[in-house]
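Subject: Structure for your review

Dear colleague,

I am passing on the structure below, together with some notes on its salt bridges and on confidence. Please read the notes with the structure open beside them.

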Amino acid sequence: MPAVFVSPRLRERQLREALQEALQQQDAQALRQLSDRLVHRHGPVQLQRWMQALASEQEQLFWRQALAQPSKPVPQPSIALEEPPVVEELPAVEEHPIAEESAPPVEEPLEQPPVPAPAPIKTALQGWLPQWDGPQIDRLAS
């Protein structure tokens, strides 16, 4: 299902109405959550402006007190700890040596490292940059 687009003005109006409702209900937790959303989207200066525009002196005081209170932790559902299930031990399996483990290791002769081919980048860049003499590896090492 495609997401529904909500215009910024409509979102702002919904937030303003929710803040006014929380002020009328004297709901400190809702004020704190809505204020956090406002600060997240518009910054603390905008929160101050909205407080002055939406609330009377007493409501502003209540709003500031609501913001000053520490947020209550969300209650987590309690999980009753049960005894762990009993796992029956299986009988031990006898280990049989595998033939490959008992055979002596085979030593393979080391090959000579391959000689690097000329870099295609160097060949391609020589037409563009005739003074280019390859990557400066020694300069990076020091």
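Within the protein, the mean confidence is highest in helix H1, at 91, and lowest in helix H5 (residues 99-102), at 55, where confidence is pLDDT, the predictor's score for each residue from 0 to 100, and where helices are DSSP runs (H or I, at least four residues) numbered from the N terminus. For the protein, the mean pLDDT is 75, with 52% of the residues at 70 or more.

This is a predicted model, in which local features need pLDDT of at least 70 and side-chain atom pairs count only at pLDDT 80 or more, while totals for chains, interfaces and linings use all residues. Residues are numbered from 1 along each chain as its sequence is written, and side-chain values use heavy atoms, with hydrogens and water left out.

Taking a salt bridge as a side-chain nitrogen of Lys or Arg within 4 Å of a carboxyl oxygen of Asp or Glu, the count is two. One joins Glu12 to Arg16, with the closest N and O atoms 4.0 Å apart, and these residues lie four apart in helix H1 (residues 8-25), about one turn of the helix. The other joins Arg13 to Glu17, also with 4.0 Å between the closest N and O atoms, and this pair too is four residues apart in H1.

As for accessibility (buried is under 20% relative accessible area, exposed over 50%, partly exposed in between, with a 1.4 Å probe and protein chains only), Glu12 is partly exposed at 31% and Arg16 is partly exposed at 27%. Arg13, at 49%, is partly exposed, and Glu17 is likewise partly exposed, at 47%.

Best regards

Methods: Helices (H or I, at least four residues) and strands (E, at least two) are DSSP runs, numbered from the N terminus.
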